[in-house]
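Here are my notes on the helix packing and the charged pairs. Have the model open while you read.

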Amino acid sequence: MARRRSRRVGSAVASTTKDRAARRSDGQSGEDQGSGFAANWRSWLLALLLIAGVVVAFLHWGDVKKFAGLVAHARPLWLLAAAGAQLLTYVALALQWTRVLRAGDCRAPFGKLLGLTVAKHFADQMVPTAGMSGNVVVVDRLQAIGASRAVALATLIMTIIAYYASYAVASLVALVLVWVHGHTSWVILGLIAASLGLSAAIPALALWLQRKGAKAIPPWLRRIRTVCELFEMIREAPTGLVRNWRIVGELALLNGAVFALDGLTMQLCLFALGTDVPFSAAFTAFIMASIVVTLGPIPMGLGSFEAVSVAMLRAMGVPFEAALSATLLFRGYTLWVPLIPGMFAARKQLKKKKRKKA
């Protein structure tokens, strides 16, 4: 009797273990299907970005040649200083990711994070979505570097909140500087008001989605499996990490440094052309032009950034030729120079995805 009971207990345990294993395997297969769809979707996005980069570079090859001509006739030391300021912007962004990953117990190589900043910049420039398009690339690459999906999503959400917090402060600083120089207008006030609204709406939306998950979407939309998976994926970000406001404050300071370095780059471009301009004028021109690009639908802000930047520099007393040449130099540093390594980074990531599928 004892042996029969032990056999029954053993068989019951074995069946329970099999049931658990089956449920786990079913769950894993479902995750694999979801991740497979996500991987395919991201692969298509990378391919489209790569094609867009080639097309834009071909159509605007004249702007690239203008940049090369300006570089040939500008003061080399100031050009090197501008290049150094731009390099520091990528370092600051990589430091933001490093800070969050360490808080999530992930030690990612800084060199790989620095390379990822170029890929994100490229994606953001190609698709005008207020800087959000490159975030798809970021989550994917952070997981490839070694971060868990939850920590990668937390990194994404926290950097979004920090970016728009510093963006709002920069917009207010630009408004004060415009007012001090006596160039306020209803157009400028409207643009800054719109940027402040966007700076409040996007972080609030990110936090709401992280808290609600699939519950945040209407019932009819929940029937689409991929949409539910996307919202539930955002919910995986750990709440304790996402709402660590001390870290968010540190990230906002680092991102504020990025805006200051971009303004410094504009000023150094003017110095390279022999025009002495205060930092306040260069910073205001950059911020106002960036606001128009962020709110506008034009990829890479081609034309709109240049027009607003030149107009603001002219309002600050910079001669037209110097304002136009400095803007073209600045766009060369922030747009055309990173375009080539960004395309290579997207191409490299696309190849890795194909190898994984194979």
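1. Start where α3 meets α6: Gln 96, Trp 97, Val 100 and Leu 101 of α3 touch Val 151, Ala 154, Thr 155, Met 158 and Thr 159 of α6 (contact means heavy atoms within 4.5 Å; helices are DSSP runs of H or I, at least four residues, numbered from the N terminus). Sorted by class, this contact has six nonpolar, three polar and no charged residues (Ala, Val, Leu, Ile, Met, Phe, Trp, Tyr, Cys and Pro count as nonpolar, Asp, Glu, Lys and Arg as charged, and the others, Gly among them, as polar).

2. A word on the source: this is a predicted model, where local features need pLDDT of at least 70 and side-chain atom pairs count only at pLDDT 80 or more, while totals for chains, interfaces and linings use all residues. Residues are numbered from 1 along each chain as its sequence is written, and side-chain values use heavy atoms, with hydrogens and water left out.

3. How do α3 and α6 cross? Their axes come within 9 Å, at roughly 130° (axes are lines fitted to C-alpha atoms, for helices over the stretch in contact, and angles run from 0 to 180 degrees between N-to-C directions). The two are therefore oblique to each other (under 35 degrees is roughly parallel, over 145 roughly antiparallel, 65 to 115 roughly perpendicular, the rest oblique).

4. Now follow α6 (residues 149-180) to α7 (residues 186-212): these axes come within 9 Å and cross at roughly 165°. That makes α6 roughly antiparallel to α7. Among the contact residues are Ile 157, Tyr 164 and Leu 172 of α6, and Ile 188, Ile 192 and Pro 203 of α7. By class, you get 18 nonpolar, four polar and no charged residues here.

5. How many salt bridges does the structure hold? Three (a side-chain nitrogen of Lys or Arg within 4 Å of a carboxyl oxygen of Asp or Glu). One joins Glu 250 to Arg 99, with the closest N and O atoms 2.7 Å apart. That pair links distant parts of the chain, with Glu 250 in α11 and Arg 99 in α3, 151 residues apart.

6. Glu 250 also bridges to Arg 246 (3.2 Å, N to O), and these two sit four residues apart in α11, so about one helical turn separates them. Arg 246 is exposed at 55% relative accessibility (buried is under 20% relative accessible area, exposed over 50%, partly exposed in between; 1.4 Å probe, protein chains only).

7. Lastly, Glu 306 pairs with Arg 331, closest N and O atoms 3.0 Å apart. Buried or exposed? Glu 306 is buried at 15% relative accessibility, and Arg 331 is buried at 5%.
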